[in-house]
Amino acid sequence: MPFKFRPMRGVAGRICRYSTKVESTPARRLNLPIDFGVTPLLHHSRDTLATAPGLPKTGTSTKLNLFQAVNSALQTALRSSTRVLCFGEDVGFGGVFRCTTGLQDEFGRDRVFNTPISEQGIVGIAIGAAAEGMKSVVEIQFADYVFPAFDQIVNEAAKFRYREGATGANLGGLVIRMPCGGVGHGALYHTQSPESLFCHVPGFQVVMPRSPSQAKGLLLSAILDSKDPVIFMEPKILYRAAVEEVPDDLYTLPLGKAEVVKPGKDLTVISYGRPLYTCLAGIQAAENELRGLSVELIDLRTIYPWDRETVLNSVRKTGRAMIVHESMVNYGVGSELAATIQEHALYYLKAPVRRVAGWSTHTGLAYEKYIFPDVASLSP
């Protein structure tokens with residue numbers, strides 16, 4: 001069973017508590033804080049798990065936050081195969097966000113271990129081990145620090161399966177985990193979401209979950225089933241904010257398949273990760289304001305290669321599309337989706353495709369809350 005989270009002690013021994021419920025400002029109509037304790041994007045009770053696509057219909061479940069669900073997935077993978085390895089900076093004692101807590105105690109230092117502070121070395125070792133049949137799951141402490149490993153990712157890991165050709169050799173099971181996105185105080189070096197950089201390179205799958213149950217299923221699929229290496233990006237603001245029922249058993253969710261999390265007929269909103277909660281809040285506000293409005297919300301889940309069929313079928317039905325992501329708008333994921341929609345569904349469109357994304361600027365500490373999409377920015 002996954003370990004139980006204990007409150008962390010901050011400055012002078014004070015206990016830092018993390019809550020899924022927030023106080024809203026009565027004067028506001030839009031941009032209210034997301035109440036993760038009631039959002040329908042999370043399974044607050046066991047009952048809704050039975051109707052969720054891909055999740056086990058029977059069996060027990062445990063209420064976990066996102067980092068605990070990641071820990072549960074890693075524990076499950078390590079138990080299921082002795083070929084699974086887990087390593088990175090400070091991984092042995094749990095890592096910065098405690099995602100690997102307890103794993104070294106259960107599986108030993110040969111399978112769960114610390115590395116030097118060298119992202120290039122971490123990924124290089126992972127590639128070599130995966131080439132010899134191991135399933136290397138490595139952690140980059142923050143997505144902002146992955147760039148020293150870019151050469152290993154782009155020129156080695158991404159090309160490996162293509163280069164091997166008819167031999168059939170691949171790096172399946174190689175997973176590079178990294179916390180990403182804003183938290184309100186990350187500033188220049190703890191806020192970035194560089195997914196679009198990896199989406200430009202064939203040979204990798206790029207995944208970002210929206211919730212604990214999604215994180216566990218997608219991560220297990222990346223480790224145990226994928227024949228290609230996977231960039232697994234975890235929105236760090238959801239590590240403690242998103243709490244829901246997560247099935248205890250081993251289960252996988254398909255990579256490369258989007259999910260329609262809310263059906264609709266007038267507009268298709270496409271997003272992934274943390275902005276999905278903002279999108280749903282905006283949709284609820286718009287549908288309350290405009291009677292009869294019905295908006296469809298799609299979670300890409302796998303950003304590359306993305307599920308064109310699900311997105312295009314939805315846009316052909318609704319005639320309108322909006323793409324929302326936290327990373328910068330310039331040359332972003334939204335650009336690729338918008339171009340594809342206009343190429344393959346142009347005559348179905350009733351309005352231009354709209355992109356709502358982060359500003360094309362570095363994230364200064366004082367301006368983070370203005371740079372990322374909010375409910376008001378989803379309005380026309």
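Two strands pair if DSSP finds at least two bridges between them. Helices (H or I, at least four residues) and strands (E, at least two) are DSSP runs numbered from the N terminus. The model is predicted, so local features need pLDDT of at least 70 and side-chain atom pairs pLDDT 80 or more, while totals for chains, interfaces and linings use all residues. Residues are numbered from 1 along each chain as its sequence is written, and side-chain values use heavy atoms, without hydrogens and water.

**View 1. Strand 6 and its partners.** Strand 6 joins strand 7 (residues 175–180) through three bridges, in parallel. Valine 138 stands opposite isoleucine 176 of strand 7. Strand 6 also pairs with strand 4 (residues 84–88), parallel over five bridges, with serine 136 as the bridge partner of leucine 85.

**View 2. The two faces of strand 6.** In a regular strand, side chains alternate between the two faces of the sheet. Lys135, Val137 and Glu139 on one side, and Ser136 and Val138 on the other, are all buried. Buried means under 20% relative accessible area, exposed over 50%, and partly exposed in between (1.4 Å probe, protein chains only). Five of the five residues of strand 6 (residues 135–139) are buried, so the strand is largely enclosed by the rest of the structure.

**View 3. Threonine 191.** Threonine 191 lies in the loop between strand 7 and helix 6 (195–199). Its relative accessibility is 3%, so threonine 191 counts as buried. Its side chain reaches the backbone oxygen of alanine 187 at 2.7 Å.

Terms used. A polar contact is a pair of N or O atoms within 3.5 Å; within protein, one must be able to donate a hydrogen and the other to accept it, and residues adjacent in sequence count only if both atoms are side-chain atoms.
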